[in-house]
Amino acid sequence: MLRNAISANPLFKECSDADLGDFVDVFSQKKFAPGSTVIKQGDVGETFYVVESGALDIHINVGSGA
């Protein structure tokens, strides 16, 4: 599942099969309870998430532009 998910992502399009395998090997499973915050705007993005099941709501805070 992970290999299929990341190989379809533009960030990984230039990766060889061996590279994809290396990436899959370092993924770890993390489960979130309903209503949990996975990542919030402004956090440093150091994690690549693949959603196996369920759904995520995305909320974007837009500044006033002033």
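**Note on the predicted model**

1. The accessible surface of the protein chain is about 6,000 Å², and 50% of that belongs to carbon and sulfur atoms. Accessible areas come from the Shrake-Rupley method with a 1.4 Å probe, and for residues only the protein chains shown count as cover.

2. This is a predicted model: local features need pLDDT of at least 70, side-chain atom pairs count only at pLDDT 80 or more, and totals for chains, interfaces and linings use all residues. Residues are numbered from 1 along each chain as its sequence is written, and side-chain values use heavy atoms, with hydrogens and water left out.

3. The secondary structure is brief to list. The protein chain has two helices and zero strands. Helices (H or I, at least four residues) and strands (E, at least two) are DSSP runs, numbered from the N terminus. Helix H1 covers 2–7. Helix H2 covers 17–26.

4. Next, the overall dimensions. The radius of gyration of the protein chain is 15 Å, whereas a compact globule of 66 residues would have one near 11 Å. The radius is taken over C-alpha atoms, and the globule rule is 2.2 Å times the number of residues to the power 0.38. Along the principal axes, the C-alpha atoms fill a box of roughly 45 × 30 × 20 Å.

5. Of the 66 residues, 6% count as buried. Buried means under 20% relative accessible area, exposed over 50%, and partly exposed in between (1.4 Å probe, protein chains only). Among contacts between residues at least 6 apart in sequence, 29% join residues at least 24 apart. Contact means heavy atoms within 4.5 Å.

6. Ser 16 sits in the loop between H1 and H2. Its relative accessible area is 34%, so Ser 16 is partly exposed. The side chain of Ser 16 reaches the backbone nitrogen of Asp 19 at 3.0 Å. Ser 16 and Lys 30 are 14 residues apart in sequence, and their C-alpha atoms are 26 Å apart in space.

7. Phe 32 lies in the segment after H2. Phe 32 counts as partly exposed because its relative accessibility is 34%. Phe 32, Ile 39 and Tyr 49 make a nonpolar surface patch of about 270 Å². Patches are made of residues with over 30% relative accessible area and no salt bridge; like charges are joined within 9 Å, nonpolar side chains (Val, Leu, Ile, Met, Phe, Trp, Tyr) within 5 Å. A salt bridge is a side-chain nitrogen of Lys or Arg within 4 Å of a carboxyl oxygen of Asp or Glu.

8. Pro 34 is also in the segment after H2. Its relative accessible area is 84%, so Pro 34 is exposed. Pro 34 and Ala 55 are 21 residues apart in sequence and 9.4 Å apart in space, C-alpha to C-alpha.

Terms used: A polar contact is a pair of N or O atoms within 3.5 Å; within protein, one must be able to donate a hydrogen and the other to accept it, and residues adjacent in sequence count only if both atoms are side-chain atoms.
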